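Please open the model in your viewer and keep the sequence panel beside it, as this tour moves from the whole chain to one residue and its surroundings.

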Amino acid sequence: MSDPAPGGLADGVLFRPVRSGNAFEDTVARLLQTIRLGIVEPGGVLPPERELAARFSVSRDTVREAIKSLSEAGYLVSRRGRYGGTFVSDPLPQREVPDGSPPTAAEIDDVLGLRDILEVGAARAAAARELEAVDRELLWTRLAEVGASSVDDYRRLDSRLHLTIAELAGTPSLVPLLADNRTHVNELLDGIPLLARNIAHSNEQHEVIVVAILTGSPDRAGEAMSEHLAGSAALLRAFLG
């Protein structure tokens, strides 16, 4: 199987290790970046899974899940046989743009930058408070709801969990700010596919955030929220950037 691109370019863009905290999301983002930049052109073949796993410093299962997700989204096609492999779709799918005008990189950065400031701060503040029993129960309920949600209802319940964390931060004026930002985040999310593996990973991260809040660990809550948001940001920038 031939190399997909000149060594220096491929090594610099495709073959860098991803961050361990969001391995799946970053692997999807890296593969999309490779496709978007034309390092592997439409109709071209990706390196084997074992090579991608080694270069990304992730498991083959992570690579396989990323390829499966991008195949379901229409970016990749897997073929069996002697000349099989994972190929970039030709033509590539059109991006979903609900309002007809794709967001600029600056607009995406603005929305996600504000989200990071608001939501990491909210998680830290909530964890620093002495929560009432009713508040603790509410947070567990919101966590359970998003974990059990259907794909169609996932973003609504995910939003509600994040807004509940903002409410528990104890600063009432924070909630409308975060709600407004979350509206813009959801508008961006509507332009990318829902990936089953990302949902599962997000739910795992949600539990870490909630446990950190309920055990009164502000640093851990902030770190966990930051890592969680970084995974979503990686996917948004990859699909929309």
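Colour the protein chain by relative accessible area: buried residues (under 20%, with exposed meaning over 50% and partly exposed in between, for a 1.4 Å probe and protein chains only) make up 46% of its 241 residues. This is a predicted model, in which local features need pLDDT of at least 70 and side-chain atom pairs count only at pLDDT 80 or more, while totals for chains, interfaces and linings use all residues. Residues are numbered from 1 along each chain as its sequence is written, and side-chain values use heavy atoms, with hydrogens and water left out.

Next, switch to a cartoon view, where the protein chain shows 10 helices and 2 strands, taken as DSSP runs (H or I of at least four residues for helices, E of at least two for strands) and numbered from the N terminus. Read from the N terminus, their order is α-α-α-α-β-β-α-α-α-α-α-α.

With the C-alpha trace displayed, the protein chain spans about 65 × 35 × 35 Å along its principal axes.

Now select helix 10, residues 218-240, and within this helix pick His228. Is His228 buried or exposed? His228 has a relative accessible area of 2%, and is therefore buried.

Finally, display what surrounds His228: apart from neighbours within four places in sequence, His228 is in contact (heavy atoms within 4.5 Å) with His162, Ser202, Gln205, His206 and Ile209. Of these, select His162, whose side chain makes a polar contact with the side chain of His228 at 3.4 Å; a polar contact is a pair of N or O atoms within 3.5 Å, where within protein one must be able to donate a hydrogen and the other to accept it, and residues adjacent in sequence count only if both atoms are side-chain atoms.
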